[in-house]
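Q: I have a sequence and a model on screen. How do I read its features one at a time?

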Amino acid sequence: RRAADEVRKGVACRKRGVAVVSAMGSTTDRLLEAARSLAPTTPLALLSQLLATGEEASVALLCIALTSTGVNAVSLPTEQFGLRTHGALSDANPVAADTSTLAAALATHDVVVLPGFVGRDASGAPSLLGRGGSDLTALFLGDALDASEVRLVKDVDGVYSEDPKSDEDALVLTHATWDEVRRIGGGVVQEKAISFADRRGRGFRVSSVGGRGTWVGPTG
């Protein structure tokens with residue numbers, strides 16, 4: 001409901017957008033545990049297929065929450081918006097997406113809800129972008145669509161000056177470069193996603209629901 005309310009506020013300001021979701025809470029860990037309880041090892045394609053269900057559930061739930069408040073939202077499965085990947089199925093990198101399909105969906109809806117973290121490789125097998133991969137999905141699609149803003153909504157207020165787990169006096173930064181976010185660490189943003197944004201010169205915001213958070217981008 002909180003995520004839907006945040007999206008609805010953007011729609012009220014006449015903004016259209018893409019909402020990229022991740023699995024909720026410990027869903028991914030619980031699915032991994034379920035797989036391990038059945039077999040010591042699982043083929044990567046099957047494991048990717050299983051873990052992707054966590055994101056699929058989040059997509060459906062967010063769409064339900066949005067439509068219940070009158071937001072004109074639609075969901076697209078991974079195969080429909082064509083997020084293609086390269087590399088290991090468990091730690092792949094996105095290389096292409098069907099932006100024409102996304103643009104067409106945005107032309108007739110206020111919000112398009114998509115699963116993060118998952119894609120398809122050249123053979124059509126389901127692939128994963130590594131832990132925290134929804135960050136990479138959001139930044140890759142934001143860059144491909146030339147979005148006016150990419151915001152990563154987290155359960156923290158933004159990027160802290162130091163890892164708050166080890167420094168209780170750490171403060172939320174209003175601005176940080178990609179290198180600074182990498183240095184601070186703490187796992188707030190997936191490192192692969194930071195590197196992608198750095199290479200592409202793509203700034204983005206990290207915040208909690210309703211917060212201003214931290215703008216991550218070039219100096220100045």
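This is a predicted model: local features need pLDDT of at least 70, side-chain atom pairs count only at pLDDT 80 or more; totals for chains, interfaces and linings use all residues.

Q: Where does Ser148 lie?
A: Look in the loop between H6 and strand S8 (151-153). Phe204 is 56 residues from Ser148 along the chain, and their C-alpha atoms are 9.8 Å apart.

Q: Now Ser48. Is Ser48 buried or exposed?
A: Under 20% relative accessibility counts as buried. Ser48 has 2%, so Ser48 is buried. Ser48 belongs to helix H3 (residues 44-68).

Q: Which residues does Ser48 touch?
A: Leave out residues up to four places away in sequence, and the list is Leu89, Pro126, Ser127 and Leu128. With Pro126, the Ser48 side chain reaches the backbone oxygen at 3.5 Å.

Q: How do I read a helix pair?
A: Two packed helices are described by the angle and the distance between their axes.

Q: Which residues of H6 and H8 meet?
A: From H6 come Asp135, Leu136, Leu139, Phe140 and Asp143. From H8 come Lys192, Ala193, Phe196, Ala197 and Arg200. By class, this contact has six nonpolar residues, four charged and no polar ones.

Note on methods: Residues are numbered from 1 along each chain as its sequence is written. Side-chain values use heavy atoms; hydrogens and water are left out. Helices (H or I, at least four residues) and strands (E, at least two) are DSSP runs, numbered from the N terminus. Buried means under 20% relative accessible area, exposed over 50%, partly exposed in between (1.4 Å probe, protein chains only). A polar contact is a pair of N or O atoms within 3.5 Å; within protein, one must be able to donate a hydrogen and the other to accept it, and residues adjacent in sequence count only if both atoms are side-chain atoms. Contact means heavy atoms within 4.5 Å. Ala, Val, Leu, Ile, Met, Phe, Trp, Tyr, Cys and Pro count as nonpolar, Asp, Glu, Lys and Arg as charged, and the others, Gly among them, as polar.
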